[in-house]
Structures are given as C-alpha cells and as structure tokens.
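Thanks for asking me to look this one over. Here are my notes, point by point, to read with the structure open beside you.

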Amino acid sequence: MKWKALISISINTLSLLGMGLFTNTQTVSAVKNNIFLPGNIHIYDHKGRVTKKVFRKKQELTYTSIKSIKKQEFYRIGKNKYIKSNSVFRINQAEHKKPNQNANKYDTTKNAASLMDFISSDTSLTSAQREEAQKAANLLRTGEIVDHTPTGDKSWGKPSWFDECVSLGDKSDSTNALNIKATLISLERVNKERAAVGINELKVSPTSTAISMIDADYQKKFEFDHPLHYGYRFNRENLSLGSGEPVGMWMTEKNDWLWNVNKNPSLAPFEFSPNWRDKDYDDAILGLNGYKTAGHYTNLVDKTYRVMGLARIIDIEFNYGSYNATSQGEDGAISVAQYKNLVNEWLEK
C-alpha cells in the first residue's frame, strides 16, 4: 500500500494543493480579507508572469481582489502585484481570534499521556486495548514506538524535533485537556460522515491519536507540512490550518471529488476505495493535471480504514488539526463512544 499525505486549510481558506478556477475578478473588502504567507512566495504581474520579488518570511498581508489569469487564481496585493492563491492561506477575520479563556473549566495541567495512563488502567477494557493505550502514553513521553506484530517487532525512534515541539499539557499543545476535549466532536463528525454514505465507523486508536498530536505540535515550530516520521501501519494523514472545525473543512472537498468524476467518470468506483496504481486517481486526490484536490475527503470516507486518531490545537493564533487513519490495529482500538466516556471521566477525575 502506498502512503499518501495530504494538507488542507480552513473552510474559509483555499486548498494548498489544488484550486477551483475563478472566471471573473472578484472585488472584496480589504478589511476582511487577509492571507497568511508560509514563506518563499513568488510575486507575479497582471499577466501572470513571475517577477524577481519573493516573500521569504512568514507573514500576513491584505488582498484587495481575486483574479483569474490564464485559468489560475491570484490574489491582488498591490499595483501589478499578484500571488497565486494555491500557495497561501486565506484568513476569515471574523473567526480569526483566540478563544475565550474563561471557557476553560478543566485543569489544563492534565495531558494526553496521563489520559492514556488512565485508559490503560481501566479494567473494563480488553488487554489489547489497555496495552495500546500504554504504548501511546510511552510514545507521548518519549517520542518512540515499539510495535509488536505477528511478523516481528517494528520500532520508530524519537524524531530530532520531538523535544522542541511536544510539551505535554502546555496551553498551546495538542496534548492539553481543552484540546483533547475539542477532538471529541471531530471524531464523532468523522463517523457521522461515514455513516451518511453507508460505510463502517472507525474506532479510536490510542497510538494513531498520539501520532496525530505529535504531528499537530510539529506545525507550531516548523513549516505547515507533514513530518513524515512515523510510518505506523501505513497510516495516512490529513492536516488543517485555520479557524474552522477540521472535518468540516476536509468534507468540503466532496464537491471537488464529484467535479473530478464528472471530468473523468472512470474515477467513480474509487470514491470509497483507493486505487494508488491509477495515475488519474493520484492526480484527482492531489489536484494535479487539471483536477481539483479531493484527497482529504477520500481519506475520510475510505472504507478500507478501521481506526483513526485526531488532534487539534485551538488556543493559538492559527488553529491546527491532524487526522491519521489506517486499516490495521483494530484489536487495540476503542469505539468513539467509549473513548468519549473515558475522556470525560478523566477530565472530571
């Protein structure tokens, strides 16, 4: 199985990997329309020709209009200055704000490792579920995985950036109590969307959850991208950046998938089952060669998956989300309802 990684940004932003095409210039209010530049962004002129000007640092800018040039969408940021929209993130200023700190009624010194300890001590769970939770607790504390499989042990050592990025229980870390609580609605949303199209629900994998947390934390220090460190059981990953709920963001790509199928009907059978050997399928999920990006959606509704993990960071300037899913590891996984109950018990403990 090929491992595929995908990135998305909020429902109020534009996809990093693929865009729909605008046919007309759209004038907008400058006050409400900012973009975030992740660095190394080229400036183009009004004819779509690249200039020598490059924004090399991360920064926010205001754009005044959206324009289609040679079937490519651009943001106008000044006189004869344009930026390709698929290289930056659009920010909705109405939602671009920090959460109400007074809403925190939970002890944020609690962290995901202690949650996994709590789960591993629950005698109502199977030995496989408890062992998986303890493995996740160790992963969160050390950055290391040892995976025992019928074909032998596999291990992943601590990434070089782990200590710099992961700070258990910190107010801006995916492992704090508020951020763990925030994932519950997203986990339920995944299964709601899967049920709507008649495919199996996913269980929560403690290890995939820990990986999602670590990968979300990675975004705080480095470029918005996949760390690609843990090759755990062929898991595939979605990332998000923005103020919206991440599953809702990724589901907006369903329309892009339908657009791709209309363009190429041979893709239709692969909506719920990936076909990595088909080049058109690869192009359609990644938004290449005239297709629109749809891979975040297909990752959510892949019927071959059995377990998932989710992480969110909601208390920093740019909210991050990370979703990992895999077809393996079901024995140690927990239903979403079970996981939700365990999280709430732990929070109230």
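1. A word on terms before the details: a residue counts as buried under 20% relative accessible area, as exposed over 50%, and as partly exposed in between. Please also keep in mind that this is a predicted model. With those limits, Glu188 counts as partly exposed because its relative accessibility is 34%. Lys340, at 30% relative accessibility, is therefore partly exposed too.

2. The side chains of Glu188 and Lys340 meet in a salt bridge, 3.1 Å from N to O. The pair links distant parts of the chain, with Glu188 in helix H4 and Lys340 in helix H10, 152 residues apart.

3. Arg189 pairs with Glu193, and their closest N and O atoms are 2.7 Å apart. Both residues lie in H4, four residues apart, about one turn of the helix. Arg189 is partly exposed, with a relative accessible area of 28%, whereas Glu193 is buried at 17%.

4. Now look at Lys220 and Asp173, whose side chains form a salt bridge of 3.0 Å, N to O. Here again the pair links distant parts of the chain: Lys220 sits in helix H5 and Asp173 in the loop between H3 and H4, 47 residues apart. Lys220 is partly exposed, with a relative accessible area of 25%, while Asp173 is buried, with a value of 0%. The count of salt bridges comes to 13. Glu132, Lys135, Asp147 and Arg233 are linked in a network of them.

5. Which charged residue is buried yet has no salt bridge? Glu237 is one. The nearest side chain of opposite charge, Arg236, is 12 Å away. Glu237 belongs to strand E14, residues 236–241, and its side chain makes a polar contact of 2.5 Å with that of His226. A further polar contact, of 3.5 Å, joins the side chains of Glu237 and Ser322.

6. Helix H1 (residues 112–120) is largely enclosed by the rest of the structure, because seven of its nine residues are buried. These are Ala112, Ala113, Leu115, Met116, Phe118, Ile119 and Ser120. Their cover includes helices H2, H4, H5 and H10. At the start of H1, a side-chain oxygen of Asn111 comes within 2.9 Å of the backbone nitrogen of Ala113.

7. Does the length of H2 agree or disagree with its residue count? At 1.5 Å a residue, its 16 residues should span 22 Å, and the end C-alpha atoms are 22 Å apart, so the two agree. Among the buried residues of H2 are Gln129, Glu132 and Lys135, and the elements that cover its buried residues include H1, strand E11, H3, H5 and H10. After H2 comes Gly143, with a positive phi near 80 degrees.

Technical notes:
Residues numbered from 1 in each chain as written. Predicted model: local features only at pLDDT ≥ 70, side-chain atom pairs only at ≥ 80, totals over all residues. Heavy atoms only, no water. Helix = DSSP H or I, 4+ residues; strand = E, 2+ residues; numbered from the N terminus. Buried < 20%, exposed > 50% of the residue type's maximum accessible area, 1.4 Å probe, protein only. Lys, Arg positive; Asp, Glu negative; His and termini not counted. Salt bridge = Lys/Arg side-chain N within 4 Å of Asp/Glu carboxyl O. Polar contact = N/O pair within 3.5 Å; in protein donor to acceptor, adjacent residues only side chain to side chain. Contact = heavy atoms within 4.5 Å. Expected span 1.5 Å × (residues − 1).
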